[in-house]
Amino acid sequence: MERQIYLENRAWQEGLALMMDKLAERCVPKNEFVDVRSALHRITGTIIRAKRSSPHFAASAMDGYAIRARDTHGISEREPRWLELGVQAIQVDTGDPIPEGMDAVVMIEEVLELSERGILLQSPVVPWNHVRPVGEDIVEGEVLLPIHHRIRPQDQGALLAAGVLEVEVRVKPRVGIMPTGDEIRPPEAALQVGDIVDSNSTVLASLVEEWGGTATVSPIIPDQPKLLEEAILKMAASEDILIIIAGSSQGRDDYTAQMVQKFGTLYSHGVAIKPGKPVVLGEVQGKPAIGIPGYPVSAYLTAHLFLEPWVKHLQGLSRDSQASLDTVISKKVFSSLGSEEFVRVKVGRVGERWVAAPLSRGAGVTMSLVRADGILRVPRLQEGFHEGETVPVELLRPVSELEDTLVCIGSHDLTLDVLSSHMKARGGQGGIASAHVGSLAGILSLRKGEAHCAGIHLLDPETGEYNRSYLQRFLPGREVALLNLVYRTQVLIVPKGNPLNIKTLEDLVKPGVRFINRQGGSGTRVLLDYLLQKQGINQGEILGYDREEFTHLAIAVAVASGAADVGLGIQSAAEALGLDYVLVGEERYDLAIPREYLDEPRMKAMISVVQSKAFQEDVLALGGYDVRETGKFLV
Ligand SMILES: Nc1nc2c(c(=O)[nH]1)N[C@H]1C(S)=C(S)[C@@H](COP(=O)(O)OP(=O)(O)OC[C@H]3O[C@@H](n4cnc5c(N)ncnc54)[C@H](O)[C@@H]3O)O[C@H]1N2
Ligand code: MOO
């Protein structure tokens, strides 16, 4: 088969419209009847009408006596009247049918006296007093639910009350999901180097369920045209929508587009989005066939853009519009011209403003989706957004949760995640939204009013003191508290067994030693530069001094993967990845908190967690931390 090298670059809306125009009329919703008791969340396929009235008999609305209203004409306080029990007054409870001939109810509290003879009343009663007439709630033939309504618990109640036992709903669209790739393994498999767990199938199947469809996941199909062909044809025979995961781009084993072309029609291979560009849009045997790119973030996003509309279409629905919020961007976002980019962001409210902090952009970083509070779209013809620009964010979490979130921008430390989960464990919804930009950039975020607190560890080379002088320099005139979070050990992170025998900073200039550095403005970088200067070591002689990463874990990963031989970072990052390390020194890591946020309930909740024993014990368990001043405000 001939390989097509260039992907198409039309707007994703155009790609979807192409598909819809060709297929929508052929793929139409179907109806079925289901028992109302198991119809929760199903979509009505027609107008649903009442089969009987409710109540279907006149019923007493109160506990008391059923009477004839006319028997009470002329009664007053001065002329009370006895009504004979069993003849003029019959005892009823709430919900009982009104006995033949009676037309009103008096409540038991309104009866002046009760004897064997009867009840004594002192005021007249109007007809239908405390009687629920037939059909008060529902009248036979009345419309109960419109078409295309998602059935809720209260709807089930009304349907049953109205005598509807079976309800006509849309048949759930059947989505076939086919994971492909020689390297893809089922979740329970023991993994060899190069193997990848099939996580996408489950994510896609769950999305399909959320959208009202049912998903069937096929076994994992290896990258062999013959097997792929068989599997696609089998899926086309039984499913309404076909999903082929991976094999969508240009690799040697990427066959999805060719398969779609061979057995149906290929409408578009590629659309102008990022991530998710190589998506395959087509039709096989009259069914929508979508080739979903293998990278997990790309898979999630393309499923939202192209699969959701089809699952909804087959139920007669259109896509729900996403709640959106105007936010201020905390960090410049670059984006390439020509593609619409979907950037995952954390969102929090600082003072009167909503702030969005961009998360990792990699299409393989599934945690960016787990952490994300929203998605920021950078339009095709724009090169990104400036820091401080106001932009709309589509929300992935309810606003109430975000209201509760503390925004912490600054240096990265593993204890921030522990802190966040302790806050949530105490019943707070929000926890901490942290963005890792380095200590100095964190202080600047405080200056711009974009964060409640900044994690900082900045050594003043003049005084050997931490943090305070930087606040005085960069936030002059502002009252800022310093809450100690931890003291932590900075180490040279080296591979297990320390093969290059690195002992001191001087070893960084040994021939062949490849270093990996932290970004300028990070406290770790300031510490490194301070120590190098003190020891008279020339930065220029360190191979890799210019290679930068943004977090301690990223440094540890670079060493673990062999991309570098050594980097400076915190001990807990080395321990987290099972690496060896050489002690360099201890440093102070504080949370800088402007005065005006100290009294906010979510800030008070955080401070009380920092001061708690349970939090400090969890921090110590990470290794490489000291909590001797944790939770203390330092001058
Ligand atoms: N030369 C080019 N290379 C690539 C291009 C390109 O335009 N030219 N596009 C890149 C982009 S963008 C994406 S997205 C990916 C799309 O990849 P494929 O759909 O072809 O999928 P694979 O290459 O097989 O896998 C990519 C990645 O995803 C993992 N994967 C696959 N299936 C699953 C699954 N079921 N669960 C979890 N993860 C899965 C797979 O192992 C790979 O790591 O191509 C770029 N390359
Ligand atoms: O477009 Mo791909 O989906 O970035 O990774």
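Two residues are in contact if their C-beta atoms, placed from the backbone, lie within 7 Å. In that sense the buried residues of helix α16 pack against α9 (415-425), β32 (480-494), α14 (571-576), α15 (601-610) and β37 (625-626). The model is predicted. Its chain is divided into five parts: domain 1 (12-28 + 172-313), domain 2 (31-54 + 137-170), domain 3 (59-132), domain 4 (324-396) and domain 5 (435-634).

**Helix α16**

- Helix α16 spans residues 613-622, and Phe615, Gln616, Val619 and Leu622 are buried in it.
- The face turned away from the buried side carries the exposed residues Lys613, Ala614, Glu617 and Ala621.

**Domain 4 and domain 5**

- The centres of domain 4 and domain 5, taken over C-alpha atoms, are separated by 26 Å.
- Their contact takes 10 residues from domain 4 and eight residues from domain 5.
- On the side of domain 4 that touches domain 5, β24 (340-350) and β25 (353-358) each supply at least two residues.
- β25 gives the largest share of that side, three residues.
- By class, the side of domain 4 that touches domain 5 has four nonpolar, three polar and three charged residues.

**Nonpolar cores**

- The largest nonpolar core has 133 residues, and Ile243, Ile493 and Ala592 are those with the most contacts inside it.
- Helix α6 (residues 296-313) contributes the largest share of this core, 10 residues.
- Another core, of 16 residues, lies apart from it and has Ile67, Met102, Ala104 and Val106 among its members.
- Leaving aside neighbours within four places in sequence, Ile493 is in contact with Ile555, Ala556, Val559, Val566, Gly567, Gly569, Ala573, Ala574, Leu579 and Tyr581.

**Shell around ligand 1**

- There are 27 residues around ligand 1, of which Ala246, Ser248, Ser249, Pro293 and Gly294 come nearest.
- Helices α3 (200-210) and α6 each supply at least two residues of this shell.
- By class, the shell around ligand 1 has 12 nonpolar, 11 polar and four charged residues.

**Shell around ligand 2**

- Lys274, Pro275, Gly276, Lys277, Pro293, Tyr295, Ser298 and Ala363 are the residues around ligand 2.
- By class, this shell has four nonpolar, two polar and two charged residues.
- Pro293 is around ligand 2, and Pro293 is also one of the residues that come nearest to ligand 1.
- Two residues of the ligand 2 shell, Lys274 and Pro275, are joined by a cis peptide bond with omega about -5 degrees.
- Pro275 is found in the loop between β19 (273-274) and β20 (280-284).

**Tyr300**

- Tyr300 is found in helix α6.
- Tyr300 counts as buried because 22 other C-beta atoms lie within 10 Å, where the cut-off for burial is 20 or more.
- Not counting residues up to four places away in sequence, Tyr300 touches Val203 and Leu369.
- Tyr300 and Leu414 are 114 residues apart in sequence, and their C-alpha atoms are 27 Å apart in space.

**Backbone exceptions**

- Most residues other than glycine have a negative phi, and most peptide bonds are trans.
- The peptide bond from Ser54 to Pro55 is cis, with omega near -10 degrees, and Pro55 is found in the loop between β2 (48-49) and β3 (59-60).
- Gln285 is not a glycine, yet has a positive phi of about 50 degrees.
- Gln285 lies in the loop between β20 and β21 (287-292) and is partly exposed, with 13 other C-beta atoms within 10 Å.
- Asn498, also not a glycine, has a positive phi of about 45 degrees.
- Asn498 lies in the loop between β32 and β33 (515-518) and is partly exposed, with 16 other C-beta atoms within 10 Å.

Terms used. Residues are numbered from 1 along each chain as its sequence is written. Chains are lettered from A and ligands numbered from 1 in the order in which they are written. This is a predicted model: local features need pLDDT of at least 70, side-chain atom pairs count only at pLDDT 80 or more; totals for chains, interfaces and linings use all residues. A residue is near a molecule or strand if its C-beta atom, placed from the backbone, lies within 6 Å of it. Ala, Val, Leu, Ile, Met, Phe, Trp, Tyr, Cys and Pro count as nonpolar, Asp, Glu, Lys and Arg as charged, and the others, Gly among them, as polar. A nonpolar core is a set of buried Ala, Val, Leu, Ile, Met, Phe, Trp, Tyr and Cys residues joined through C-beta atoms within 7 Å. A residue is buried if 20 or more other C-beta atoms lie within 10 Å of its own, exposed if 12 or fewer, and partly exposed in between; C-beta atoms are placed from the backbone. Helices (H or I, at least four residues) and strands (E, at least two) are DSSP runs, numbered from the N terminus. Domain bounds come from an automatic or database domain assignment.
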